[in-house]
Amino acid sequence: MTNLKFDAKVSASAQEALEPHVRPMYSSLGSSRMAIIEFRSLERTEPAPGTEKEASVRVRIVGLELPNPEQEGAVREAQRFLHLQRTARGTLDDDGQLELDESTLRLTGGQLAWLESARLRAGLGYWARYAERLVHGPDLTVTEVRHEMQALAEGLSAVLNTATDHSSDDDT
């Protein structure tokens, strides 16, 4: 696994954004701040094969902004949404419909757009893994490939909540 290491230096603009928060953070040990950061890779370490060292990449914060108290809720919501997108999981029921797992449902907080986004992410992840297994699985006959592609198309259509229309070749 490659390790990520943060450089102690930050860009001048990032330091400027941090400056008003230094004294309050010092005065209130254990306090935290939300931030939106941009970091850039600076160098990498590639150990020789057979050594016990791990590969690493060192990054520096080159852009940073901290929201004011009125903006913090929006930034926190964006963080929760990004986390949901990264971790959305689900399974297919007996009818081939996607069911989000309990932890994903908790993260959505009942928000319809978040639920749909998580459902789509989990569904696409399922069918991507399915396709990956086909690519790296045993050699298939043309008939088997067609059958598997039909299953993949029907699964993706189910994720999109659309019926597969075989009467037309249009991709609308």
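This is a predicted model: local features need pLDDT of at least 70, side-chain atom pairs count only at pLDDT 80 or more; totals for chains, interfaces and linings use all residues.
Leaving aside the neighbours within four places in sequence, L124 is in contact with L156 and V159.

L124 is located in helix α4. The C-alpha atoms of L124 and G155 are 9.2 Å apart, although 31 residues separate the two along the chain.

Let us turn to the helix itself. Helix α4 runs over residues 112-136, 25 residues in total. From its first C-alpha to its last, α4 reaches 36 Å, close to the 36 Å expected at 1.5 Å a residue. Which residues of α4 are buried? They are W114, S117, A118, R119, A122, G123, G125, W127 and Y130. Among the elements that cover these buried residues are α2 (72-87), β4 (90-92), β5 (98-100), α3 (102-108) and α5 (142-159).

I shall take two of these partners in turn, starting with α5. The axes of α4 and α5 come within 9 Å and cross at roughly 175°. Since an angle over 145 degrees counts as roughly antiparallel, the two helices α4 and α5 are roughly antiparallel to each other. On the α4 side, the contact involves R119, L120, G123, L124, W127, Y130, A131 and L134; these meet E148, A151, L152, G155, L156, A158 and V159 in α5. By class, this contact has 11 nonpolar, two polar and two charged residues.

From α2, the contributors are E77, R80, F81, L84, Q85 and R86, and from α4 they are W114, S117, A118 and R121. The contact of α2 with α4 comprises four nonpolar, two polar and four charged residues.

Finally, a word on helix α1. This helix covers residues 12-27, has 16 residues and reaches 23 Å between its first and last C-alpha, close to the 22 Å expected at 1.5 Å a residue. Where does α1 have a kink? A kink of about 45° lies at E19, shortly before the proline P20. The buried residues of α1 are A14, A17 and H21, and what covers them includes β1 (3-10) and β3 (56-65).

Methods. Residues are numbered from 1 along each chain as its sequence is written. Side-chain values use heavy atoms; hydrogens and water are left out. Helices (H or I, at least four residues) and strands (E, at least two) are DSSP runs, numbered from the N terminus. The expected span of a helix is 1.5 Å times one less than its number of residues. Buried means under 20% relative accessible area, exposed over 50%, partly exposed in between (1.4 Å probe, protein chains only). Contact means heavy atoms within 4.5 Å. The bend at a residue is the angle between axes fitted to the seven residues ending there and the seven starting there. Axes are lines fitted to C-alpha atoms, for helices over the stretch in contact, and angles run from 0 to 180 degrees between N-to-C directions. Angles under 35 degrees count as roughly parallel, over 145 as roughly antiparallel, 65 to 115 as roughly perpendicular and the rest as oblique. Ala, Val, Leu, Ile, Met, Phe, Trp, Tyr, Cys and Pro count as nonpolar, Asp, Glu, Lys and Arg as charged, and the others, Gly among them, as polar.
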